[in-house]
Amino acid sequence: MIPQILTFPLTLWVVRGSVKEFSPDTRTFVHVNTCRHVHVKPCTHEYVNTYIQKILYYVIEIITFANHKGGVSKTTSTASIGACMARMGKKVLLIDLDGQANLTLYFIPNEDEVQASIFDSLVDGAPLPVKHIRENLDLVPSSLEMASAEIALTNLLAREQLLSRLLEPVKQNYDYILIDCPPSLGIVTTNAFLAADEIIVPMTPELLPLKGMRMLDSFVSTLQRVKPNLRLGGVFIARFNHRKLNKVVEQAVKSRYETITMKTRIRENIALAESAGSGQSIFEYDPQSNGAKDYQALTEEIISRNQ
């Protein structure tokens, strides 16, 4: 029998981190190169008596919210954006890396309900203790032990990439993984950066956080030697009001980070402070508040940028 030669368009599923193409030699899907966005690229190949199966790979976006200055709404932003994504039908995992465990308390006000934390995973190698919060929303809690994590991790092998390895078995279950960092640039934050696809920086419109951005820029540049595709993906203003200083700092941020400054700014809003520790997101606590409206708009902007 003469082999039948088939010529037809082959679909390549291009995903962040890999491109899969069917190999006629091994009859398997193989890596071609690296790419971050999903798109379909048509091409033509000849195959002999070969059946091609189309395989879809899901994109998972890992975002770290970081600023080495405290009190800039990192935790509120991680919680609110994660809750909003879940309401939009995205499967979301939140990871609390801060020793203050504020993100954990945001959704689990009773500390006694936390039997294991991210500390056990980073230091002892235990699987991530994923707790289900509500539909589409899970959380890896923190604990006060994380305050000593920098010391506990010092002598561990490949300590900067512990979180990346811990995420491997679970990340395929989610559309987005959001990481809340401590206000420092130590080993724990390094783990969060190297596990992420992008860094988003919340900052208050004050002079000190703006000056501190230079240190964060330098930190990201250093880590890009280890992970070249790591990037500063966005900067946004939180706790904004219409005082003169706020507007001056906002303009300075836009001038310096023109291409990555988010259009949405989070207005100062008492409902955001009240919802923390209530076990409710801002969308449940006060869905008509400015805080809920602003974080809805910011979440939509983040998702649209990643499409």
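N136 sits in the loop between β7 (131-134) and β8 (137-140). Its phi is positive, about 70 degrees, although N136 is not a glycine. The model is predicted: local features need pLDDT of at least 70, side-chain atom pairs count only at pLDDT 80 or more, and totals for chains, interfaces and linings use all residues. Residues are numbered from 1 along each chain as its sequence is written, and side-chain values use heavy atoms, with hydrogens and water left out. Helices (H or I, at least four residues) and strands (E, at least two) are DSSP runs, numbered from the N terminus.

- β7 and β8 pair in the antiparallel sense, over 3 bridges; strands pair if DSSP finds at least two bridges between them.
- K131 stands opposite L139 in β8.
- The hairpin has 2 residues between the strands, and N136 takes its positive phi there.
- N136 counts as buried, at 18% relative accessibility. Buried means under 20% relative accessible area, exposed over 50%, and partly exposed in between (1.4 Å probe, protein chains only).

**S73**
- S73 is found in the loop between β5 (61-65) and α1 (74-87).
- Phi of S73 is near 75 degrees, a positive value in a residue other than glycine.
- S73 is buried, with a relative accessible area of 16%.

**Helix α11**
- Helix α11 (residues 290-305) has 16 residues.
- From first C-alpha to last, α11 reaches 22 Å, close to the 22 Å expected at 1.5 Å a residue. The expected span is 1.5 Å times one less than the number of residues.
- The buried residues of α11 are G291, A292, D294, Y295, L298, T299, E301, I302 and I303.
- An α-helix has 3.6 residues a turn, so residues three or four places apart point the same way.

**The cavity**
- A search of the whole structure finds 1 cavity of 30 Å³ or more. A cavity is a set of points, on a 1 Å grid over the protein atoms alone, where a 1.4 Å probe fits but cannot get out.
- The largest cavity has a volume of about 30 Å³. Grid points are joined across faces, edges and corners, and a volume is the space filled by probe spheres set on the points.
- F236, I237, E250, K254, T261, M262, K263, T264 and R265 line the largest cavity; lining residues have an atom within 4 Å of a point.
- β11 (231-237) and α8 (244-256) are the elements that give two or more residues to this lining.
- By class, the lining has 3 nonpolar, 2 polar and 4 charged residues. Ala, Val, Leu, Ile, Met, Phe, Trp, Tyr, Cys and Pro count as nonpolar, Asp, Glu, Lys and Arg as charged, and the others, Gly among them, as polar.

Note on methods: 1 Å grid on protein atoms, 1.4 Å probe; cavity = no way out; pocket = protein on both sides within 12 Å on 5 of 7 lines; lining within 4 Å.
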